[in-house]
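Dear colleague,

Please find below the structure that I am handing over to you. I would be grateful if you could look through it alongside the notes that come after it.

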Amino acid sequence: MQSWKFNRRHAGLGLLGSITLALLLISFYFFASPAELFRSNEPHTWKSFLDTSDVDHEPVRACYVILVRNSELDGIISSITQLEKTFNDKYNYPYVFLNDEEFTDEFKERTSGLGKAQKFYGTLDSHMWGYPPFINQTLAAERRKEMAAANVIYGDSESYRHMCRFQSGFFFRHPLLDPYDYYWRVEPNVDFLCDIDYDVFQFMKDNRKLYGFTLTFKEFMTTIPSLWDTVRNFKRDHPEVMARLPAKEDSMIKFITDDDGETYNSCHFWTNFEIASFSLWRSTEYLKYFNYLDKTGNFFYERWGDAPVHSIAAAMMLRKEEVHFFHDVGYRHTGVMHCPVGDKYRDKCSCKPTDPGQWDYYLTGSCLPNFDNAVKT
């Protein structure tokens with residue numbers, strides 16, 4: 001088994017990543033005024049939900065998707081324990097654990113007893129986790145050395161690249177996920193900070209939401225130097241796909257570009273937290289998009305992440321009203337946190353908006369202003 005120590009966007013940062021993230025956080029707090037730091041993070045645009053009078057109220061087919069190693073057992077126990085306490089003990093949605101090697105008996109025994117929900121355990125084959133035949137592995141190794149020498153975050157990590165490609169194009173194809181329509185991505189060593197007193201999956205279904213997030217970031221552009229040009233080439237080469245997508249004014253395109261598509265502004269949804277519909281990734285449009293990106297080899301020759309790949313697709317392929325900011329879900333990943341602002345959340349949340357790591361409106365590095373602009377205009 002290849003170690004995938006870096007199986008999350010910025011977890012297990014290592015020395016370089018930790019220093020980078022710490023410097024970013026310090027600079028964001030230094031340049032943001034107190035009023036900006038604690039500005040309300042309620043949605044700025046939608047004040048009411050869609051009409052749900054004609055919605056099918058059959059039970060939602062949803063699950064948690066967890067890509068995890070046996071060695072991360074304690075970390076995932078922590079995450080699930082909090083998720084059960086704040087949400088799932090009321091709803092009992094099942095957990096699907098995925099790994100590129102067999103789960104140990106200890107892993108299954110200790111996780112199976114967490115809550116009442118069903119647990120399923122699956123492994124990844126070489127098609128989902130491995131090099132496709134068109135990759136020159138010698139060249140890929142050379143590129144990793146070059147990126148490491150240039151201090152590109154995770155530049156030398158082979159396993160991180162396998163993870164990003166898997167999360168971009170394969171997780172939703174695992175047969176254990178075939179029965180489900182919606183998922184919540186969960187990772188080890190994250191914190192769920194607020195009691196959630198409604199069914200988020202039922203909310204997604206009833207309100208016709210297809211993608212939900214809590215945190216937004218700007219990408220390290222040295223990891224994806226050719227991604228945007230590749231996306232533009234895809235749009236040129238696949239007019240049949242573009243013809244089926246929402247018009248620009250109806251889409252989230254302004255979330256990812258400030259100049260009508262000439263350049264990528266680096267904004268993305270932080271995909272270690274996703275509540276979304278599988279229908280987006282299973283669509284013909286997305287599969288054509290992913291396959292086009294994959295054929296370049298730049299998940300390996302560069303270091304394309306699943307966050308910009310997912311976010312660019314969602315911005316192009318979804319309508320504004322199909323994307324939802326879960327402002328009321330408190331969440332922390334490594335040193336970065338979203339804690340709801342407002343008195344009504346204080347009895348529900350163990351966090352405070354003044355806690356270190358709050359990552360919200362008008363902090364340099366957050367893309368929530370871009371999200372607001374995209375849904376308003």
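Predicted model: local features only at pLDDT ≥ 70, side-chain atom pairs only at ≥ 80, totals over all residues.

Salt bridges

Side chains of opposite charge can pair when their charged atoms come close. The structure holds 18 salt bridges, and three of them are described here, including the one between Arg-110 and Asp-74.

In that salt bridge, the side chains of Arg-110 and Asp-74 come together at 3.2 Å, N to O. The two residues belong to distant parts of the chain, 36 residues apart: Arg-110 is in helix 4 (residues 105-112), while Asp-74 is in helix 3 (residues 73-86). Arg-110 has a relative accessible area of 38% and is therefore partly exposed. Asp-74, at 54% relative accessibility, counts as exposed, because the term applies over 50%. Both residues also belong to a network of salt bridges, in which Asp-74, Glu-106 and Arg-110 are linked.

A further salt bridge joins the side chain of Glu-285 to that of Arg-244, at 2.7 Å, N to O. Glu-285 lies in helix 11 (residues 284-295), whereas Arg-244 sits in the loop between helix 9 (239-242) and strand 8 (267-269), so this pair ties together parts that are 41 residues apart in sequence. Is Glu-285 buried or exposed? With 17% relative accessibility, Glu-285 counts as buried, because the cut-off for that term is under 20%.

Aromatic pairs

A search of the whole structure finds 46 aromatic pairs. One of them is formed by Phe-234 and Tyr-289, whose arrangement is edge-to-face, with 5.7 Å from centre to centre and 80 degrees between the planes. Phe-234 is in helix 8 (residues 227-237) and Tyr-289 is in helix 11, so the pair ties together parts that are 55 residues apart in sequence. Phe-234 counts as buried, at 0% relative accessibility, and Tyr-289 also counts as buried, at 0%.

With kind regards

Key
Residues numbered from 1 in each chain as written. Heavy atoms only, no water. Salt bridge = Lys/Arg side-chain N within 4 Å of Asp/Glu carboxyl O. Helix = DSSP H or I, 4+ residues; strand = E, 2+ residues; numbered from the N terminus. Buried < 20%, exposed > 50% of the residue type's maximum accessible area, 1.4 Å probe, protein only. Phe/Tyr/Trp six-rings, centres within 6.5 Å; stacked < 30°, edge-to-face > 60°.
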